[in-house]
Amino acid sequence: MPKKAPGGSETVELLEYLFGPGERDEHTAPHLVAAWDPDLPCPARAPGRMTLAGLALLLDAPVEALRGPRPAEHVWHVSVRNHAGDRTLSDAEWAEVAAAMVHAAGIAEHGDVHACRWGVERHADDHIHIAATLARQDGRHPRVRGDIPNMHTAARAFEARWGLTPMSPLDRTARRRPATGEAEKAARRGLAETARESLQRTVRTAAALAQGDADFLDRLRDAGLRVRERHGDDGTLVGYSVALPGDRADRGSRPVWFAGSTLAYDLSLPRVRERFTPHVAPADWALAEHRIREASVLLGRAGQADGAGDVAALGDLLAVAAEHSPALVRDRVRAAADAFEQAARAPGARSPPPDASPTDALAEQVGPSGPGPGAEARPPSPLGAVPAEDG
């Protein structure tokens with residue numbers, strides 16, 4: 001799985017760490033696996049021909065020749081790791097993986113002789129480190145955008161080809177984990193969680209309950225957060241940031257602000273606004289009612305006790321969902337949830353005939369030709385997931 005690692009502005013410092021013993025002597029036989037120049041000597045295996053300082057100078061040479069301003073942090077660093085249960089890949093296989101990764105990331109596309117310079121270091125069986133400098137050899141800046149998602153796509157091709165453990169899908173809505181410094185700061189202050197985690201929970205709650213921009217911002221302030229709005233040239237709200245009271249940086253001179261998108265991908269203002277307009281229409285709730293009633297019939301006729309606790313919990317969830325359904329269909333969904341709860345009760349001594357099946361039970365309940373006289377017609381549908389109200 002590709003993972004962005006800390007880069008920086010000092011190439012030689014990164015190389016010294018990668019080729020060194022590690023923080024706890026965990027690096028084993030570090031060596032160069034591949035590079036932009038296939039004939040490049042390995043500093044660990046041929047120190048007389050190439051030193052770490054010399055390799056750093058070669059990597060940095062295009063940065064020194066850039067046309068225009070240089071990037072503040074020109075070192076690009078990514079680690080690629082296998083699952084613990086996968087077989088050990090050879091150096092040649094890791095070199096092939098690395099070439100595909102720098103191609104996917106836009107660092108060095110296949111056949112581009114003027115691409116960025118890069119090198120691959122290995123000091124463990126299960127992973128490699130790719131280091132590159134963000135300057136093309138023709139003096140231009142590279143276009144590195146969406147590098148991690150693109151590398152994830154490339155990694156899946158190798159997983160399928162070599163039978164490796166598939167990695168979990170890249171979650172663009174997941175919350176962002178606190179940095180090490182944030183965790184250490186919370187520990188020093190005796191807090192149970194970091195400021196980022198507290199803000200994530202509070203902002204997500206406000207987003208779930210808000211009905212519009214003003215309501216959302218008011219809920220944040222009512223929860224005790226500091227709120228900073230960002231407006232466009234026309235005065236419209238285009239973003240927001242939040243801070244915890246008392247959480248300050250630079251010796252207490254300024255609050256520590258977090259933009260919504262830095263808390264979690266789905267807490268950016270555009271994603272929060274999507275919650276204001278439910279995507280579940282009344283027709284979806286009507287279909288949900290129909291499927292709940294079908295499930296009720298099957299449960300009531302089958303009379304199975306296994307998993308009764310889980311079924312009861314589902315009944316509770318349906319009851320809560322019914323209370324939050326649109327007024328137009330609330331009574332119908334509430335009645336369907338009540339029917340499900342009754343059918344979901346764990347049976348006593350009664351058991352179904354040995355030759356009966358849930359399908360037979362449903363057919364007996366509704367009759368051979370559909371619902372009885374006066375019953376509301378419902379579209380036939382297989383049992384499936386019950387639509388849930390967004391937000």
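Select strand β2 (residues 31-35) and strand β4 (residues 116-122) in this predicted model. The two strands run antiparallel and are joined by four bridges. To see one place where they face each other, pick Ala35, which stands opposite Gly119 in β4. Now show the surroundings of β2. Five of its five residues are buried, so β2 is largely enclosed by the rest of the structure.

Is Pro62 buried or exposed? Its relative accessibility is 5%, so Pro62 counts as buried. Draw a distance from the C-alpha atom of Pro62 to that of Cys116: the separation is 7.7 Å, although the two residues are 54 apart along the chain. Then display the residues that Pro62 touches, leaving aside those up to four places away in sequence: Arg117, Ala135, Arg136 and Gln137.

Next, select helix α1 (residues 11-18) and colour its buried residues, which are Thr11, Leu14, Leu15 and Leu18. They span an arc of only 100 degrees around the axis, so they sit on the same side of α1. Which elements do the buried residues of α1 pack against? Select α2, β3 (75-81), β4 and β5 (127-136) to show these partners.

Move on to a pair of helices. Two packed helices are described by the angle between their axes and the distance between the axes. Select helix α3 (residues 91-105) and α4; their axes come within 8 Å and cross at roughly 145 degrees. The crossing of α3 and α4 is right-handed. To see what meets at this crossing, show side chains on both helices. On the α3 side are Glu93, Glu96, Val97, Ala100, Met101, Ala104 and Ala105. They meet Asp147, Asn150, Met151, Ala154, Ala155, Phe158, Arg161 and Trp162 in α4.

The structure holds two aromatic pairs. The ring centres of Phe158 and Trp162 are 5.0 Å apart and their planes stand at 50 degrees, so this pair is tilted. Both residues lie in helix α4 (residues 147-162), four residues apart, which is about one turn of the helix. Phe158 is buried, with a relative accessible area of 9%. Trp162 also counts as buried, at 16% relative accessibility, because buried means under 20% relative accessible area.

For another aromatic pair, select Phe216 and Tyr240. Their ring centres are 5.2 Å apart and their planes are at 85 degrees, so the pair is edge-to-face. Phe216 lies in helix α7 (residues 213-222) and Tyr240 in strand β7, so the pair ties together parts that are 24 residues apart in sequence. Phe216 counts as buried at 0% relative accessibility, and Tyr240 counts as buried at 5%.

Select β7 (residues 237-243) together with strand β6 (residues 226-231): they pair in the antiparallel sense over six bridges. Which residue in β7 is the bridge partner of Val227? Pick Val242 to see it. Then follow the chain through the turn, where β6 and β7 form a hairpin with five residues between them. Gly235, in that turn, has a positive phi of about 90 degrees.

Definitions and conventions
Residues numbered from 1 in each chain as written. Predicted model: local features only at pLDDT ≥ 70, side-chain atom pairs only at ≥ 80, totals over all residues. Heavy atoms only, no water. Pairing = 2+ DSSP bridges. Buried < 20%, exposed > 50% of the residue type's maximum accessible area, 1.4 Å probe, protein only. Phe/Tyr/Trp six-rings, centres within 6.5 Å; stacked < 30°, edge-to-face > 60°. Contact = heavy atoms within 4.5 Å. Arc of directions from axis to C-beta. Axes fitted to C-alpha atoms, helices over the stretch in contact; angles between N-to-C directions. Left-handed = near helix turned anticlockwise from the far one by under 90°.
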